[in-house]
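Hi,

Here is the structure I promised to pass on. Please have a look at it, and then read my notes below.

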Amino acid sequence: MARLAAVGGLLCGGFMVSNAVAGEPAAGGAGTDDTSRAAELTGGLVSRLGATRTAGSWIGADGRPVVAVTDEEAAAAVREEGARAKVVRYSLRELREATRTLRESPRVTGTAWSVDYSSNKVVVRADRTVSAEEWSRLSRIAGEIGGSVEMRRTEGAFTTRLNGAEAMFAANGRCSAGFNVTNGEDNYILTAGHCGPVGTPWFKDAGDAEPFGTTVAGRFPGNDFSLIEYQDGQALQNADVVSVGDGKGVRITGAGEPVVGQQVFRSGSSTGFRTGQVTALNATVNYPEGTVTGLIETTVCAEPGDSGGPLFSEGLALGVTSGGNGDCATGGVTYFQPATTALQALGVSLATGSGAGSGSGTGNGASSQAQPEPAPAPPSAAAAPGIPASPGTSGGFDRQRVGELVNFRTLTPGLGVIGGSLVLLVATHWIRERQDRRQYREYYSAGWS
């Protein structure tokens, strides 16, 4: 019985260890494959059930996909597919109608809105620059729309973050480089559109002594992206690595669409490497310079100078920093221009280490790309050549990366069970040998006598 228990313990411990090393996501986040599967599953359900019976989807705190539905029949269909269902009052069509009404109302600088799928509301945020009169007018519009709109006052002001990786300098301020991209012939930096209009020259230093490129295309407001062409179209090495600090970087393998609830990372020249979660998609922000739509809303903090820096997750380019409120001391809301939208509009693709395009990757979620390969960030990684690399993962042993791939809460008990089972197995073998020797001596003595 003891031997059977030991063998059972070895099997159980081995199963626990294999699950832990398989990279099962811990609560609060999901890996690339899980995010991709969740996006594919929920996207298919929302498309099949329609906008009148669903109200969006997101990744729950436990990493499982959740779909908001308006009736129990739709909820049963969602559960059959392996996702969680949440029955809500307002459909996706009603929430979209609410956002359309807000867009058509008189513009108020310092406001932003997005659909919060989990609360089944359109959340309208107004910063400290919005007057009491404007707040009252917005509240009346929200009241006319109905209970699907929730009004919130926020700290700070919604501004573009002018002033991800690396710092870039122009006459009107400082921004961060986003991703290296190419059209197959020339090489560019993808960054925020509000950083500078077409024709803006860019420099590696604040003294404007070392020029490296010029803005050749962009769109702001409406969208928030632009292209900076490298001077002389110089070839790039390791162009697919974005700097994340301390001379280190993360390799970008493609572009993807984010999912609500997904853990994401941002790098910027002001505040370095930061992380947070996607809280909404297709958000609208009314900056002082104009309105930008179709943005990714996140809990990642940002400060002036971080504009244009890269947003990514598990090696996939998701967007470039547009703006927000708050700072990295008190927190806040930050918005990003989706990378796939910018790549498609500009007719470019992400650059590889040799400078060739790697495709825009327009699939749902994290797509089916490989895990990012941590690598040293060269001076040209998502920045002008020669600019020192700035925060994240590197080649060699990376504790943060190991922590993402291994679930130590399962691994440690599993190793303990294996160790205990081995001790029990050795002990039972030793005890059995002693019993066999004693029985043999007793038999031998009895036979001679």
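Let me start with a definition: two strands pair if DSSP finds at least two bridges between them. Helices (H or I, at least four residues) and strands (E, at least two) are DSSP runs, numbered from the N terminus. Please keep in mind that this is a predicted model, where local features need pLDDT of at least 70, side-chain atom pairs count only at pLDDT 80 or more, and totals for chains, interfaces and linings use all residues. Residues are numbered from 1 along each chain as its sequence is written, and side-chain values use heavy atoms, with hydrogens and water left out.

First, a sheet. Strand β2 (residues 65–69) pairs with β3 in the parallel sense, over 4 bridges, and valine 66 stands opposite arginine 84 in β3. Both strands belong to an open sheet of 3 strands with mixed pairing, in the order β1-β2-β3. The edges are β1 (54–59) and β3 (84–87); each has a single partner strand, so one side of each is left without a neighbour in the sheet. Helix α3 (residues 72–80) lies across β2 and β3 and runs at about 165° to β3. For that angle, axes are lines fitted to C-alpha atoms, for helices over the stretch in contact (heavy atoms within 4.5 Å), and angles run from 0 to 180 degrees between N-to-C directions.

Next, the disulfides (cysteine sulfur atoms within 2.5 Å). The whole structure has 2 of them. One joins cysteine 175 to cysteine 195, S to S 2.0 Å. Its S-S torsion is about -95°, so this disulfide is left-handed. Both cysteine 175 and cysteine 195 are buried, meaning under 20% relative accessible area, with exposed over 50% and partly exposed in between (1.4 Å probe, protein chains only). The other joins cysteine 301 to cysteine 328; here the torsion is about 95°, so the disulfide is right-handed. Cysteine 12, at 40% relative accessibility, counts as partly exposed.

Finally, the aromatic rings. A search of the whole structure finds 5 aromatic pairs; rings of Phe, Tyr and Trp (its six-membered ring) pair if their centres lie within 6.5 Å, and planes under 30 degrees apart count as stacked, over 60 as edge-to-face and the rest as tilted. Among them is the tilted pair of phenylalanine 212 and tyrosine 230, 6.4 Å centre to centre with 50° between the planes. Ring pairs also link Phe265, Phe273 and Phe312 into a cluster. Phenylalanine 265 is buried, at 8% relative accessible area.

Best wishes
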